[in-house]
Amino acid sequence: MRSKLFVPGSRPELFVKALQGQADAISIDLEDAVPEARKEEARRAVADFLRSPQALESGKLIIVRVNGIGTPHFEADVLAVTLPALGMLNLPKAESAADVHTACAALARAEAANGVASPVRLLANIESAAGLRRAAEIGVADPRVAGLQLGFADLFEVNGIARRDAGNVHAAMFALRMAAAEAGVFAYDSAFPDIRDVEGFRAEASMSRRLGFWGKSCIHPSQVALANEVFSASEEEYDFALRVLDAARAAQASGAGRIHGGWQDDRPAVHPPGASRRRRRPPRCRVLHRARRASGECAPAPGRHPRS
C-alpha cells in the first residue's frame, strides 16, 4: 500500500474514478471531509458504492474512515459500511486500547448483521498526544489492528507544533514507527497538505520510507504517482532481494542455517536453525517478499488483499 487516496464521502461521483486510478488503495472519508448536515447522505452513498459491482470486483483495497467513537455517527457508520467490499476500517483519533475494543465490538456486530464472513481489519489513526503515548498499546489491543497511521494536523496544530518543521515531523514519525514495531503492525504516513509543493511531499515521503513506513496518504490524485515512486523498490533493492533468495535456497539445501532478515556487509545474515527474533519486516524484507511473489514462490492468501 504505497499510496492511499482520500475521497470525500459526500462526493460519490468520485468513487469509481478513484478506484480506477493509480493509488494502491482508496480511503473514503466520512469524518472531516463531510459537513455535519451531510453525514447521513454520505453514509448512504458509501454503502451503496460498497455494494456496487465496481467495488466488489475491483481487487483494490477500499478503506473507509468513519466518524469517531465519541460522535453520534460512529455506530451507524460502522453498520452501514461493514460489507464484503470493505478492506479495512479507519478509526480516527484512537487514544487507548479501550477505543480499539469499542471499535472491534462494533465491527463484530456489523459483520454479523450484514453477513460478512471475513473479519474486517482496523487502521488506527494516532492524532493526539495521548494516542501517540499509547500507540503500542493501541497496536496490540486486538488482532484486528493491522496498522497505525499518523495524523499530523490534529497532533501538531492544537499543540502549537510547527507542521512543516522536519525535526518535528521526524520525531513523531520515529515515535510511531517504534510503537508499530513493538506492536508488530505496520506504520502508515500522514497526508501532506500542500498539493503544490512537490518537493516537500517527496522529502516527507522519503523520510517516512527510510523509517520503515509502508506508504503515504494522498489528498489529491497528483500526489499518488509521487508516493508510488518513493515507496517502490529500486533496482538495487530488487537485485538484493534476489540475492537473498539465492542465499536462502543455498542455506536450506546445506542445512547450515536460514535467512532471518538481517544483513551483514550487504550480504544476507544466516542464522542457525531455531534462532528467532520478533520483528516487523524492514523495507528490504518487503522487497524480498515481492520478489518471491514475482518468482511464484508465494502468493497472497485467497480472498485477502496484498499488504505490501
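1. The expected span of a helix is taken here as 1.5 Å times one less than its number of residues. Helices (DSSP runs of H or I, at least four residues) and strands (DSSP runs of E, at least two) are numbered from the N terminus.

2. The model is a predicted one: local features need pLDDT of at least 70, side-chain atom pairs count only at pLDDT 80 or more, and totals for chains, interfaces and linings use all residues. Residues are numbered from 1 along each chain as its sequence is written, and side-chain values use heavy atoms, with hydrogens and water left out.

3. On the overall architecture, the protein contains 13 helices and 10 strands. Of its 308 residues, 50% count as buried, where buried means under 20% relative accessible area, exposed over 50%, and partly exposed in between (1.4 Å probe, protein chains only). The accessible surface is about 14,100 Å², and carbon and sulfur atoms make up 53% of that area; the areas come from the Shrake-Rupley method with a 1.4 Å probe, and for residues only the protein chains shown count as cover. Among contacts (heavy atoms within 4.5 Å) with a separation of 6 or more, 66% join residues 24 or more positions apart.

4. Returning to α9, its buried residues are Val 169, Ala 172, Met 173, Leu 176, Arg 177, Ala 179, Ala 180 and Ala 183. Viewed down the axis of α9, these buried residues fall within an arc of 165°, so they line one face of the helix. The arc is that of the directions from the helix axis to the C-beta atoms.

5. At its start, a side-chain oxygen of Asp 165 comes to within 2.9 Å of the backbone nitrogen of Gly 167. Just after the helix, Gly 184 adopts a positive phi of about 75°.

6. Helix α5 (residues 97-114) also has 18 residues, and its first and last C-alpha atoms lie 25 Å apart, close to the 26 Å expected. Its buried residues include Asp 99, Val 100, Cys 104, Leu 107 and Glu 111. The elements that cover the buried residues of α5 include α4 (74-81), β4 (88-91), β5 (121-126), α7 (135-139) and β6 (145-150). Just after α5, Gly 115 takes a positive phi of about 70°.

7. Thr 82 belongs to the loop between α4 and β4 and, with 0% relative accessibility, counts as buried. Its side chain reaches the backbone oxygen of Val 78 at 2.6 Å. Apart from neighbours within four places in sequence, Thr 82 is in contact with residues including Leu 107, Ala 110 and Glu 111, which are also listed among the buried residues of α5.

8. Leu 19 is part of helix α1 (residues 15-19) and counts as buried, its relative accessibility being 9%. Beyond neighbours within four places in sequence, its contacts include Ile 26, Phe 49, Ala 55 and Ile 62. The C-alpha atoms of Leu 19 and Val 7, which stand 12 residues apart along the chain, are separated by 10.0 Å.

9. On the cysteines, a search of the whole structure finds zero disulfides (a disulfide being a pair of cysteine sulfur atoms within 2.5 Å). Cys 104 counts as buried at 5% relative accessibility, and Cys 218 counts as buried at 0%.

Conventions:
A polar contact is a pair of N or O atoms within 3.5 Å; within protein, one must be able to donate a hydrogen and the other to accept it, and residues adjacent in sequence count only if both atoms are side-chain atoms.
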